[in-house]
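Reader: I am new to this structure. Please take me through the terms.

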Amino acid sequence: MELVADISSLRARLRHESSIAFVPTMGNLHEGHLSLVRLAQQEADFVVVGIFVNRLQFAPGEDFDRYPRTLIDDCKLLENLGAVDMVFAPGEKDLYPVPQEFMLELPPVAHILEGEFRPGFFRGVATVVLKLLNIVQPQAAIFGKKDFQQLHIMRELVRQLNLPVEIVAGETVRAPDNLASSSRNRYLTTEERTESTRLYQVLLQVKQAIENGNRNFHGLEENAKKLLREHHWKTDYVAVRHRDTLDPSCKEDENLVILGAARLGKTRLIDNLEISIKN
C-alpha cells in the first residue's frame with residue numbers, strides 16, 4: 001500500500017491504471033469506512049482511499065480544529081484490510097494552493113435538511129469532491145448511505161456535470177445496538193453513548209407506523225421530534241421524504257426515506273431509514 005500526498009506523484013502513479021475505485025474520507029476510519037473500501041474492491045482493480053479533513057465544509061464554530069486526525073492508525077487499518085492500493089492524504093496546500101474562489105452553485109436540495117442547519121456545508125463538500133474526482137479520475141466513487149443527502153447530491157453532481165464516474169452507494173454500518181457508525185461517536189460520553197441509540201429507535205417507530213398505514217407524515221415527524229426533546233436531545237429535523245428527490249413526501253409515494261439529525265450533548269448525530277411501501 002502506497003501513501004501519497006503530492007498530486008503530481010499521484011497522477012503519475014495512476015496514469016496507467018484503467019480500473020480505479022475511490023473512497024473519499026476525512027479519516028478517523030471505522031467499520032463504516034472499511035465496508036466502503038471492501039465495496040470499492042468489488043468495483044475496480046485499483047483502490048484509492050482519500051484522507052483529507054476539508055476545511056471548506058465546516059462552518060465557524062464547528063469542530064474542524066478538534067476533528068480527529070489519525071493518519072497513522074488509519075493507514076494501519078487499511079493495510080491490515082489488504083484491500084487498498086493507495087492512500088491519498090494531501091495537505092491543505094496541496095488541494096488549496098490558493099484561496100478557493102471558484103465554487104459551485106448548488107441546487108435547492110442542497111439548502112434543505114442538512115443544508116438548512118449547516119449553511120455552506122454541501123458547497124464545501126461538492127467543491128472538494130469535484131477536485132478529488134478530477135485528481136484521481138476513478139471509474140467508481142464510493143459513498144455511504146448514512147449521509148443520505150450527501151449521496152443524493154453526489155449523484156446529481158456527477159450526472160449534471162457529465163463526469164465519467166459511477167457513484168456507488170454503501171449500506172450504513174451499525175453497532176450491535178444499531179447506532180450508525182460515525183467518526184463523531186467518539187465525542188459521546190458513556191451515558192450519552194447509551195442514550196445515542198434513541199435516534200435510530202425514533203426513526204424506526206416512524207418507519208413502522210408508515211408501514212402499518214399511517215400517512216400523516218407531518219404528525220409522525222412532530223411526534224418523533226417531541227420524543228427526542230423529552231430525552232434532552234436538541235433536534236434539527238426529522239423528515240419523511242421522497243427517496244429519489246428528497247422532496248416532501250405525499251401519500252402516494254412508495255419509495256421513502258426518513259432522515260433525522262439531532263444533538264446529544266455536544267455531539268450532533270444523523271441517521272436515516274429507507275422504506276418501500278405498496279399503495
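Author: The protein has ten helices and nine strands. This is a predicted model, where local features need pLDDT of at least 70, side-chain atom pairs count only at pLDDT 80 or more, and totals for chains, interfaces and linings use all residues. Residues are numbered from 1 along each chain as its sequence is written, and side-chain values use heavy atoms, without hydrogens and water.

Reader: What makes a run a helix or a strand?

Author: Both are DSSP runs, numbered from the N terminus: H or I over at least four residues for helices, E over at least two for strands.

Reader: How do you know that the radius of gyration agrees with a compact globule?

Author: The radius is taken over C-alpha atoms, and the globule rule is 2.2 Å times the number of residues to the power 0.38. For 279 residues that gives a value near 19 Å; the protein has 19 Å, so the two agree. The C-alpha atoms fill a box of roughly 55 × 40 × 35 Å along the principal axes.

Reader: Why is Lys-266 called exposed?

Author: Exposed means over 50% relative accessible area, buried under 20%, and partly exposed in between (1.4 Å probe, protein chains only). Lys-266 has 71% relative accessibility, so Lys-266 counts as exposed. Lys-266 lies in the loop between strand 8 (255–264) and strand 9 (267–276).

Reader: What is Thr-245 called, buried, partly exposed or exposed?

Author: Its relative accessible area is 32%, so Thr-245 is partly exposed. Thr-245 is in the loop between strand 7 (234–242) and strand 8. Its C-alpha atom is 7.9 Å from that of His-152, 93 residues apart along the chain.

Reader: How much of the protein counts as buried?

Author: Of the 279 residues, 52% do.
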